[in-house]
Amino acid sequence: LYREVAAYFAERHADLFDAAPWPGLDRAGRISEFVTLRMRNWEIIAPLAQRVEAYALSNPAATPATVTLRRRASEHVDRFFAPELDRLTAARRTDLASTRDVLTSAEAGRTLTDVHQRTPNQVRRAWIAAVATLLAGDD
C-alpha cells in the first residue's frame, strides 16, 4: 500500500521531481529555482514522506517506497545542475548530487524548522547559500 501511495504521489506531483530549469538561467538562477521547488516539495510531499519513513522503521516492506522517492529527488538534482555535474568524475558527481539532495530534503527542512527554529524564509536562504557553496567547490 505504501508503495502505491508513494507512486501515486510521485505521479501526482511529478512537477516537483521532473521540472527542469528555465533555459538560459545562470547558476544562481538555477539554484534559486531548484530551492523553490524543494520548498514546495517540503510543503506538499513531506507529510506523506514522514509517515512512510516512520512506517518503514517497523515494516521493511515500505522501504522501497521511500527509496523510490529519494531516488527521484536525487535524479532531479542531476538535471538541474547538469552543467556543473557533467564535467566531474562519476564518483564526484554522485557524491555531490546525493549531498545536495539530502541537504535540501524534507527531513533537513524539518530539522531546520523544528530543532533549529528557522523560518521557511531562513531555510530557503540557507539552502541557497549551501547549494551555491557546494557548486562553487566544483569550479
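Trainee: Which residues do the ring pairs link into a cluster?
Mentor: In this predicted model, ring pairs join F34, F80 and F81 into a cluster.

Trainee: And how many aromatic pairs are there by the distance rule?
Mentor: The count comes to three aromatic pairs. Take F34 and F81: their ring centres are 5.1 Å apart and their planes sit at 70°, so this pair is edge-to-face.

Trainee: Where in the chain do F34 and F81 come from?
Mentor: From distant parts of it. F34 belongs to helix 3 (residues 27-58), while F81 is in the loop between helix 4 (63-80) and helix 5 (82-85).

Trainee: Are F34 and F81 buried or exposed?
Mentor: Both F34 and F81 are buried.

Trainee: OK, what about F80 and F81, how is that pair arranged?
Mentor: F80 and F81 make a tilted aromatic pair, with 6.1 Å from centre to centre and 55° between the planes. F80 and F81 are both buried.

Trainee: Which residue has its charged end over the ring of F81?
Mentor: That would be R100. The charged end of R100 is 5.9 Å from the centre of the F81 ring.

Trainee: R100 again, then. Which residues of helix 8 do R100 and its helix 6 partners meet?
Mentor: On the helix 6 side you have T99, R100 and L103. They meet W127, A130, V131, L134 and L135 in helix 8.

Trainee: What classes of residue make up that contact of helix 6 with helix 8?
Mentor: Six nonpolar residues, one polar and one charged.

Trainee: And at what angle do helix 6 and helix 8 pack?
Mentor: Helix 6 (residues 90-103) and helix 8 (residues 120-136) pack at about 175°, and their axes are 11 Å apart. That angle makes helix 6 roughly antiparallel to helix 8.

Trainee: Why quote both an angle and a distance?
Mentor: Because two packed helices are described by the angle between their axes together with the distance between those axes.

Trainee: Let's zoom out. How many helices and strands does the protein have?
Mentor: Eight helices and zero strands. Read from the N terminus, the elements go α-α-α-α-α-α-α-α.

Trainee: What share of the residues is buried?
Mentor: Buried residues account for 39% of the 139 residues in the protein.

Trainee: Last one: of the contacts between residues at least 6 apart in sequence, what share joins residues at least 24 apart?
Mentor: For those contacts the share is 75%.

Conventions: Residues are numbered from 1 along each chain as its sequence is written. This is a predicted model: local features need pLDDT of at least 70, side-chain atom pairs count only at pLDDT 80 or more; totals for chains, interfaces and linings use all residues. Side-chain values use heavy atoms; hydrogens and water are left out. Rings of Phe, Tyr and Trp (its six-membered ring) pair if their centres lie within 6.5 Å; planes under 30 degrees apart count as stacked, over 60 as edge-to-face and the rest as tilted. Helices (H or I, at least four residues) and strands (E, at least two) are DSSP runs, numbered from the N terminus. Buried means under 20% relative accessible area, exposed over 50%, partly exposed in between (1.4 Å probe, protein chains only). A charge sits over a ring if NZ of Lys or CZ of Arg is within 6 Å of the ring centre and within 35 degrees of the ring normal. Axes are lines fitted to C-alpha atoms, for helices over the stretch in contact, and angles run from 0 to 180 degrees between N-to-C directions. Angles under 35 degrees count as roughly parallel, over 145 as roughly antiparallel, 65 to 115 as roughly perpendicular and the rest as oblique. Contact means heavy atoms within 4.5 Å. Ala, Val, Leu, Ile, Met, Phe, Trp, Tyr, Cys and Pro count as nonpolar, Asp, Glu, Lys and Arg as charged, and the others, Gly among them, as polar.
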